Amino acid sequence: DEAIADFKPTTPEKEVLPASNRVTQLVEDTISGRRHTVPWPWHYLGKLTNALLSETVTLLCGGIGASKSFLIAQCLAYWRSIDVRAAVFELEDSQEYHLMRALAQRADMAGITSTDWVKDNPQLVRDALKKHKDFIDQMSQCIFASPYSQLTQDQLANWIESQAKEGCRVICADPVTACVQTSE
């Protein structure tokens, strides 16, 4: 391809270390634990993909209704349980909506996601809420939403940067396609 043939990588203005030094640094960072892969709740997914390796971007793609948001909620709960700082900005629906879905997973009651089921099973839902109150409060610290306004790509990028500065190892945007498109 012509575009690839014309591509020339840029070199930072500071002095560049020889390749062997950079590889040595990568190896030493790995040995010391400064560079590692964040585990997924599903052992083989992480082992086969290395998808959450330090300083990488991982895209999770799927059609409408493919349960990507449920997957992220399950991952967030797992990462919190192993002390990995993670956050998601849910670009559709409210924080409460996504916390209800996380509660449905934690309580093992899929019906919690159905308004009819909740109305027909009030005591079961109240008991689940009482039992998992601390879990919901903890999850609220890593699920963000803006249900009354759409974020621009710049606003989302700023949020992602702020989460990284706060020490988040995994930062999700769900779905990134819901951002307002701007001229840039």
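User: In this predicted model, is Arg34 buried or exposed?

Analyst: Read the relative accessibility against the cut-off: exposed means over 50%. Arg34 has 56%, so Arg34 counts as exposed.

User: Which residue forms a salt bridge with Arg34?

Analyst: Asp29 does, with the closest N and O atoms 2.6 Å apart. Asp29 counts as buried because its relative accessibility is 18%, and the buried class lies under 20%.

User: How many salt bridges does the structure hold?

Analyst: There are 3. Asp137 pairs with Lys133, the closest N and O atoms being 3.0 Å apart. The side chains of Lys165 and Glu161 also meet, at 3.2 Å from N to O.

User: Why can residues four places apart in a helix point the same way?

Analyst: An α-helix has 3.6 residues a turn, so residues three or four places apart point the same way. Here, Asp137 and Lys133 sit 4 residues apart in helix H8, about one turn of the helix. Lys165 and Glu161 are likewise 4 residues apart, in helix H9 (residues 153-165).

User: What span should helix H4 have?

Analyst: Count 1.5 Å a residue. Just after H4, Asp83 takes a positive phi of about 60°.

User: Which elements do the buried residues of H4 pack against?

Analyst: The buried residues of H4 include Ile72, Leu76 and Trp79. Their partners are strands E1 (86-90), E2 (143-145) and E3 (170-174), plus helices H5 (95-107) and H8 (133-139).

User: Which residues touch the most other members of the largest nonpolar core?

Analyst: Leu76, Trp79, Ile112, Met139 and Val170, out of 29 residues. H4 gives the largest share, 6 residues. Beyond its neighbours within four places in sequence, Trp79 contacts Val38, Pro39, Trp40, Leu52, Val84, Ala86 and Val170. A second, separate core has 9 residues, including Leu156 and Trp159.

User: Where is there a nonpolar patch?

Analyst: On the surface, formed by Val23, Val27 and Ile31. Together they have about 280 Å² of accessible area. Val27 lies in helix H2 (residues 19-32) and counts as partly exposed, at 41% relative accessibility.

How values were computed:
Residues numbered from 1 in each chain as written. Predicted model: local features only at pLDDT ≥ 70, side-chain atom pairs only at ≥ 80, totals over all residues. Heavy atoms only, no water. Helix = DSSP H or I, 4+ residues; strand = E, 2+ residues; numbered from the N terminus. Expected span 1.5 Å × (residues − 1). Buried < 20%, exposed > 50% of the residue type's maximum accessible area, 1.4 Å probe, protein only. Contact = heavy atoms within 4.5 Å. Patch = residues over 30% accessible without salt bridge, like charges linked within 9 Å, V, L, I, M, F, W, Y side chains within 5 Å. Areas by Shrake-Rupley, 256 points an atom, 1.4 Å probe, with all protein chains shown as cover. Salt bridge = Lys/Arg side-chain N within 4 Å of Asp/Glu carboxyl O. Core = buried A, V, L, I, M, F, W, Y, C linked by side-chain atoms within 4.5 Å.
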